[in-house]
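I opened the model to take notes on its fold, its surface and a few residues. My entries follow.

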Amino acid sequence: MALAIAFGLVTLLGLLLVPEVGATLTGWASLLAAVALLLGILNLLTIHSRRVLQGNFYSLVLLFGMAAVIALGITDGLGLTGNGVQTIFELVQAPLEAAMASLLAFFLIFSGYRMLQRKRSWWSLLFVVTVIIMFLARTPLPEVLSNLFTKVGDIVSEVVINPGIRGILIGVSLGIIAVSIRILTGSERPYDK
């Protein structure tokens, strides 16, 4: 505990008073994070290698994909290929994220419908109307309707969604500060569990 408090205080004072010390300690933290990532990859490799030996096909697909991305990263770094990792991201990760976002949109509409069935209130009606407006604002429609829904969607984004996101980020920041202070004072011990 004393070591964690000491390094936390030295890093904080280094970032505030002596930027070189803070930068050095932050670099050490980045190195530690990279080592943790490497250990995570090795753990993933170990677990899924055992599962491949048991006949799990999806673990084999995962290991093949991991090896392909690592190989492309190495060849990109050596200059043998150009943007291979970016191409994999654009062909695999981006479509998966788009599919998840579309499923989320339909889930929101369905949950709003279920909410109206169970408990009818102005808030549930407002939720359903907002979801439908935002859904139609991002859907290709005839130009007259598209302009109308896009304007309404932009207003909802600027007035409701963006301030909500800012509020969430402020809350997360305050939570991080509170936990950091608790760790520096020795009240919180996440490394003790």
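**Entry 1: ground rules.** I count helices (H or I, at least four residues) and strands (E, at least two) as DSSP runs, numbered from the N terminus. The model is predicted, so to speak of local features I need pLDDT of at least 70, and side-chain atom pairs count only at pLDDT 80 or more, while totals for chains, interfaces and linings use all residues. Residues are numbered from 1 along each chain as its sequence is written, and side-chain values use heavy atoms, with hydrogens and water left out.

**Entry 2: overall fold.** I looked up the order of elements along the sequence and found the pattern α-α-α-α-α-α. The protein chain has a radius of gyration of 24 Å, well over the 16 Å from the globule rule for 193 residues, so the chain is more spread out than a compact globule. That radius is taken over C-alpha atoms, and the globule rule is 2.2 Å times the number of residues to the power 0.38. The count for the chain is six helices and zero strands. I also noted the span of the C-alpha trace along its principal axes, about 60 × 50 × 35 Å.

**Entry 3: burial, contacts and surface.** I use buried for under 20% relative accessible area, exposed for over 50%, and partly exposed for what lies in between (1.4 Å probe, protein chains only). What share of the 193 residues is buried? I wrote down 11%. Contact means heavy atoms within 4.5 Å. Among contacts between residues at least 6 apart in sequence, 21% join residues at least 24 apart. The chain exposes about 14900 Å², and carbon and sulfur atoms supply 74% of that area. Accessible areas come from the Shrake-Rupley method with a 1.4 Å probe; for residues, only the protein chains shown count as cover.

**Entry 4: charges.** I found 12 positive and 9 negative side chains, with the centres of the two sets 18 Å apart. Lys and Arg count as positive and Asp and Glu as negative, while His and the chain ends are not counted. The place of a charge is NZ of Lys, CZ of Arg, CG of Asp or CD of Glu.

**Entry 5: helix H2.** H2 covers residues 19–53, and its 35 residues should span 51 Å at 1.5 Å a residue; the end C-alpha atoms are 51 Å apart, which agrees. The expected span is 1.5 Å times one less than the number of residues. Which residues of H2 are buried? They are Gly22, Leu25 and His48. Their cover includes helix H1 (2–16) and helix H3 (57–78). After H2 comes Gly55, with a positive phi near 100 degrees.

Entry 6: I started with His48, a residue of helix H2. Its relative accessible area is 13%, so it is buried. Leaving aside neighbours within four places in sequence, His48 is in contact with Ser59, Leu62 and Leu63. Leu44 is also in helix H2, and at a relative accessible area of 31% it is partly exposed. With neighbours within four places again left aside, Leu44 touches Leu62 and Met66. The C-alpha atoms of Leu44 and Met66 are separated by 9.8 Å, and the two residues are 22 apart along the chain. Ala23, in helix H2, is partly exposed with a relative accessible area of 47%. From Ala23 to Pro140, 117 residues along the chain, the C-alpha separation is 49 Å.

Entry 7: Ala68 is in helix H3 and counts as partly exposed at 30% relative accessibility. Its C-alpha atom is separated by 9.3 Å from that of Val85, 17 residues apart along the chain. Where is Asn83 found? Asn83 is in the loop between H3 and helix H4 (84–118). Asn83 counts as exposed at 55% relative accessibility. I noted its positive phi of about 55 degrees, although Asn83 is not a glycine. Most residues other than glycine have a negative phi.

Entry 8: Is Lys151 buried or exposed? Lys151 is exposed, with a relative accessible area of 58%. The C-alpha atoms of Lys151 and Leu169 are separated by 26 Å, and these residues are 18 apart along the chain.
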